Amino acid sequence: MKKASFSAIGFGADSPAGEVSFSLRRLTEQRRVSPQDMHEDRIAELSIELSNRLFPAPSTELDIETIALSALALSDYNPEKAKELRDLLYRTQEKGDGGGGWRPRPSLPCSSWVTSLAMIALAMDGNQECLGKALQWLLAQAGRESSFWVWLRFRFLDRRVHFNPRFYGWPWTEGTLSWVVPTAFGIMATRLCTACQRPREAAQRLSSAVKMLYDRACPNGGWNAGNGVVDGVALLPRLEPTAIALLALKGLSPRSPLIAASLQWVQQQAAAVRRAVESFVGDLVLLRLWRGYAKSESAVGGPGGSA
């Protein structure tokens, strides 16, 4: 099963941009800046480095993760290059398996969770034909908990993992159980692409996925890769799943104790994040989105907002 780390949804060390993480780590260790300035400075630095690495000719051989996250990261800093990357996403969908989703890379046979990332990156274009096909594919995917027999197993037989199998989200790949990261991105993609008109099926899937994230949170806040408790032992949260889950739940649960505890935990990890960069594009996207989250939270005095 694919490991739920943001290095898995950003760039590895052998990717066109992943090696930059080493130079960025040295940079952030040497610099001494205030927490307030760190976000803006780092966003600018990472955006410039990303542009230099990807252009002038982004390749169709790049992972969909690479293309989609880069398009998101550059959307404000360099909108022209971000549009080139979005155009590349359109072309890769047309060359896909015909189901409306995106394959992680051209050499793989089936679409997967990266469809959510592509949908998020393309949502600003409002291409109804493309997004409609992608949404149809996404809503057809569900964790195996949605199957009666699998539900029965986890409800009455397999008690090693402690979660409610009535609530399910999205898997990494078709035919597997729901995991935190693909479920969170599935929530974000569905919310964005149905903001104006939400079909009943989409609303039902969102409701189930949100309940799944709450159900599988760690007891003291935050999220691990899949479950919060295994064999009666509470798992510790991890930064990447927690940050992504918080983004997915933004505005859906005003002043929830879980959201408050998770936000506090993430803030406590800020120093560690600055000392060691796992995935610089992932870091860039999360910094940009977190900035918006923090502003909206401070505006209402706590977790909240509109769905």
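A salt bridge here is a side-chain nitrogen of Lys or Arg within 4 Å of a carboxyl oxygen of Asp or Glu. Searching the whole structure with that rule turns up four salt bridges, and three of them are described below.

A quick word on where the numbers come from: this is a predicted model, with local features needing pLDDT of at least 70 and side-chain atom pairs counting only at pLDDT 80 or more, while totals for chains, interfaces and linings use all residues. Residues are numbered from 1 along each chain as its sequence is written, and side-chain values use heavy atoms, leaving out hydrogens and water.

| Aspartate 63 | Arginine 105 | 3.1 Å |

Take aspartate 63 and arginine 105. Aspartate 63 sits in the loop between helix H2 (35-54) and helix H3 (64-73), and arginine 105 in the loop between helix H4 (79-94) and helix H5 (114-122), so the pair ties together parts 42 residues apart in sequence. Helices are DSSP runs of H or I, at least four residues, numbered from the N terminus.

Aspartate 125 is in the loop between H5 and helix H6 (128-139) and arginine 86 is in helix H4, so this pair links parts 39 residues apart in sequence. Arginine 86 is buried at 8% relative accessible area, while aspartate 125 is partly exposed at 35% (buried is under 20%, exposed over 50%, partly exposed in between, with a 1.4 Å probe and protein chains only).

Lysine 133 and glutamate 129 are four residues apart in helix H6, about one helical turn. Glutamate 129 is exposed at 57%, and lysine 133 is partly exposed at 42%.

Notes. Helices (H or I, at least four residues) and strands (E, at least two) are DSSP runs, numbered from the N terminus.
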